[in-house]
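Reader: Please take me through this model one feature at a time. I would like the general idea first, and then the case at hand.

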Amino acid sequence: MNGTTAPSPWLPTAPCTPGRCAAHPHAGGRDRAAVRTALAVLRLTAGTGAVLVGVLLAPAAALLPDAIRMALVRRWVRAVVRAFGVRVRYEGRPPGPADGPLLVVANHVSWLDIPLVAAVLPGRMVAKAEVRRWPVLGVLAALGGTLFLDRDGLRALPGAVRGMTGVLAAGGRVVVFPEGSTWCGRAGGRFRPAAFQAALDGGADVQPVRIAYRPTGAAAYVGDDPLGASLWRVVTTRRLTAEVRLPERIPASRHPDRRSLAAAAQRAVASDSANRPSPSVHQRSRSRSASASSARTPA
């Protein structure tokens with residue numbers, strides 16, 4: 001999830017760093033700052049409490065029928081996002097369970113992306129193996145059936161794709177962030193094609209998702225950004241709004257291979273030009289990073 005620089009040379013990287021890309025709240029008057037701090041503490045407490053409630057109830061929820069459990073998950077993750085003070089706008093009709101298996105792919109900006117997608121398209125998330133060791137969130141991810149990927153081990157990639165294929169072939173949903181790293185939202189990375197092989201092999205369509213935040217950068221979780229710093233930035237940002245757009249689904253059968261399918265999904269996500277500010281802090285470094293990363297990253 002976080003875009004920290006990894007030791008493995010084939011991993012995708014982004015030029016985004018907290019200092020350059022993440023918005024920090026400005027200090028104002030002393031009284032106003034005190035009110036903002038009190039509100040931020042309240043949001044942080046409420047958000048953390050909502051996450052803990054999910055952790056405590058997850059074992060019992062796992063015993064419920066799938067339809068009821070998914071409905072509870074959607075309500076819970078929406079409550080978590082609201083508790084952290086984030087407003088959400090959704091555009092587009094989410095596919096229902098009767099629409100068949102789906103590979104859900106989204107651009108990756110923040111840890112907030114995960115509950116935002118789960119609120120409308122719950123499914124088996126794919127996350128890096130390090131998430132399993134995170135306090136609280138790691139336990140929750142494991143209980144939610146997350147497919148953990150060893151990003152440092154190239155040999156583990158085919159097994160991860162087979163795991164995704166199995167879920168899709170059984171009629172389920174898999175949620176992937178195919179950029180392989182978080183970006184600040186002013187620019188994005190190339191969609192890596194490996195996960196799209198699972199859609200082809202599992203007979204699943206692809207549902208693109210476009211996520212943007214206003215103000216841009218306030219929710220970004222990039223570089224070596226600590227989770228605590230990102231949480232504080234989120235709860236101290238006024239009127240932080242997430243915009244989630246669901247373009248039309250892409251039939252995998254119309255594409256000859258995973259590269260073509262990945263490119264189509266990336267075009268669908270990037271076509272929302274209104275959500276991309278014209279000036280980008282990564283205008284130069286993005287092109288260099290993308291070419292270098294694509295040469296190092298397996299397909």
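Author: Happy to! Strands (E, at least two residues) and helices (H or I, at least four) are DSSP runs, numbered from the N terminus. Before we go on, note that this is a predicted model, in which local features need pLDDT of at least 70 and side-chain atom pairs count only at pLDDT 80 or more, while totals for chains, interfaces and linings use all residues. Residues are numbered from 1 along each chain as its sequence is written, and side-chain values use heavy atoms, with hydrogens and water left out.

Reader: How many bridges join S3 to S4, and in which sense do they run?

Author: In general, strands of a sheet pair through backbone hydrogen bonds, either parallel or antiparallel. Two strands count as paired if DSSP finds at least two bridges between them. Here S3 and strand S4 (residues 147–149) run parallel, joined by three bridges. S3 is also joined to strand S5 (residues 173–176) by two bridges, again running parallel. In that pairing, Met125 has Val175 of S5 as its bridge partner.

Reader: In what order do the seven strands form the sheet?

Author: The order is S1-S7-S6-S2-S5-S3-S4, in an open sheet with mixed pairing. S1 and S4 stand at the edges with a single partner strand each, so one side of each has no neighbour in the sheet. On average, neighbouring strands are turned by 20 degrees against each other, direction ignored; axes here are lines fitted to C-alpha atoms, for helices over the stretch in contact, and angles run from 0 to 180 degrees between N-to-C directions.

Reader: Which pairings does S7 make with S1 and with S6?

Author: Strand S1 (residues 87–91) pairs with S7 in the parallel sense over five bridges, and Tyr90 has Val244 as its partner in S7. Strand S6 (residues 205–214) runs antiparallel to S7, with five bridges joining them. There, Glu243 in S7 has Ala212 opposite. Moving on along the sheet, strand S2 (residues 102–106) runs parallel to S6 over five bridges, and the partner of Leu102 in S6 is Asp205.

Reader: Which way do the residues of S7 point?

Author: In a regular strand the side chains alternate between the two faces of the sheet. In S7, Thr241, Glu243 and Arg245 point one way, whereas Ala242 and Val244 point the other way. Across the protein, buried residues make up 50% of the 299 residues.

Reader: At what angle do H7 and H9 pack?

Author: Helix H7 (residues 194–202) and helix H9 (residues 258–270) pack at about 110 degrees, with their axes 8 Å apart. That makes H7 roughly perpendicular to H9, a label for angles of 65 to 115 degrees. Contact means heavy atoms within 4.5 Å; H7 contributes Phe196, Gln197, Ala199 and Leu200, and H9 contributes Arg258, Leu261, Ala262 and Ala265.

Reader: Which strands does H7 lie across?

Author: H7 lies across S2, S5 and S6, running at about 160 degrees to S2. Helix H6 (residues 156–169) lies across S2, S3, S4 and S5, and runs at about 140 degrees to S5.

Reader: With which residues is Gln266 in contact, leaving aside its neighbours within four places in sequence?

Author: Gln266, which lies in helix H9, is in contact with Gly189, Arg190 and Phe191. Gln266 and Arg190 are 76 residues apart in sequence, yet 7.4 Å apart in space, C-alpha to C-alpha. For the protein, 81% of contacts between residues at least 6 apart in sequence join residues at least 24 apart.

Reader: Which peptide bond is cis, and where does Arg239 lie?

Author: The bond from Arg214 to Pro215 is cis, with omega near 0 degrees. Pro215 is placed in the loop between S6 and helix H8 (227–236). Arg239 lies in the loop between H8 and S7, and its phi is near 55 degrees, a positive value in a residue other than glycine.

Technical notes
Parallel < 35°, antiparallel > 145°, perpendicular 65-115°, else oblique. Buried < 20%, exposed > 50% of the residue type's maximum accessible area, 1.4 Å probe, protein only.
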